[in-house]
Amino acid sequence: MNQTATLHSTLYTLNYKTYLRLEKGLSDHTVESYIMDLAKLQTYCDEHNLDIIHLDLAALQQFLYDTFTAHSNARTQSRVMSGIRSFYRFLVYNKDIEQDPSELLEQPRKEMHLPSVLTIAEIDAMLACIDLSSNEGHRNRAMMEMLYGSGLRVSELTELKLSNIYLDEEYMLINGKGSKQRLVPISPVAKKWFEYWLEERSHWRLDAKATDYAFVNRYGRPLTRAMVFTIIKRLAVEAGIHKVVSPHTLRHSFATHLLQNGADLRIIQQLLGHESLATTEIYTHVNVQDLRQAILQFHPANH
């Protein structure tokens, strides 16, 4: 690719990034994923002397075929295709091209993966592993209670602001995916541990930019997604849990336990911030797995 084309591509990427953040209201994590996917397409274009702005459907199909011949994970394909579609919709929106070449790309069929769910005993075991005498003890306990007690996404937890938490009313205002806000109740247990953490937090030296963040690290800066993952995984190992455990596992467990105890699926949808009820229905499949396990475990024909 010549120098002029490279310059144009860089400008398109910068404008596209602004579009995703301001126009689409996507999270930083999603924006970075889309930009990484676009970089893969740009590399492919450079290698084949193609202009990314004026690719046709055949070229996009060939890119996907070449990229995923060795890696045929449908979920990864779907994510990359979403990033590509978003880029070409941006070009149409920006009147840089007249027709979107990605419109007719066929979405790969995703295989259904039932989410890993913790039992109440396993969650209790993780909570018991938290050293409350450590500097971060009350923070970690409050964090666990928020993830499991309110079903927050990890990004929603790390971006949670004190100004959006109303302890007296026992709810918080959550900024979810696509900058969509929802009200989420705080359980009495979560409220108690969060108040303990606030007392501890008041003695910490905070970075000027972190004063409104609910959860901060030992240096007084906002807690990162990676750090939350590390804390949760460490607690799972210490508790002797052999499942793959992440912050999202606590969110799955929150929804599954609500459903198992009779909560309405639409209420769970609202609490989780799912745009579509179909997304929430994954938890009904988890229940089917429980039913199957019950038959295997208790039916005499299986012994």
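What percentage of the 303 residues in the chain do buried residues make up? I get 42%, taking buried as under 20% relative accessible area, exposed as over 50% and partly exposed as in between (1.4 Å probe, protein chains only).

**Entry: ground rules.** I am working on a predicted model, where local features need pLDDT of at least 70, side-chain atom pairs count only at pLDDT 80 or more, and totals for chains, interfaces and linings use all residues. Residues are numbered from 1 along each chain as its sequence is written, and side-chain values use heavy atoms, with hydrogens and water left out.

**Entry: overall.** I looked up the secondary structure and found 13 helices and three strands; these are DSSP runs numbered from the N terminus, helices being H or I of at least four residues and strands E of at least two. The chain exposes about 17300 Å², with 52% supplied by carbon and sulfur atoms (Shrake-Rupley method, 1.4 Å probe; for residues, only the protein chains shown count as cover). Of the contacts (heavy atoms within 4.5 Å) with a separation of 6 or more, 58% fall to residues 24 or more positions apart.

**Entry: cores.** I next looked up nonpolar cores, meaning sets of buried Ala, Val, Leu, Ile, Met, Phe, Trp, Tyr and Cys residues joined through side-chain atoms within 4.5 Å. The largest has 39 residues, and Met-126, Met-143, Met-172, Phe-194, Phe-215 and Ile-232 touch the most other members. Elements that each supply at least two residues of this core include α5 (120-128), β2 (171-175) and α9 (225-238). A second, separate core holds 27 residues, among them Cys-45, Leu-64, Ile-84 and Ile-97. For Met-126, leaving aside neighbours within four places in sequence, I list contacts including Leu-118, Met-144, Ile-232 and Val-245.

**Entry: rings.** I find 13 aromatic pairs in the structure. Rings of Phe, Tyr and Trp (its six-membered ring) pair if their centres lie within 6.5 Å; planes under 30 degrees apart count as stacked, over 60 as edge-to-face and the rest as tilted. Tyr-44 and Phe-63 are edge-to-face, because their centres are 5.3 Å apart and their planes at 65°. Tyr-44 lies in helix α2 (residues 28-47) and Phe-63 in helix α3 (residues 57-68), so the pair ties together parts 19 residues apart in sequence. Both residues are buried.

Trp-197 and Phe-215 are stacked, because their centres are 6.4 Å apart and their planes at 0°. Trp-197 lies in helix α8 and Phe-215 in the loop between α8 and α9, so this pair ties together parts 18 residues apart in sequence. Trp-197 counts as buried at 0% relative accessibility.
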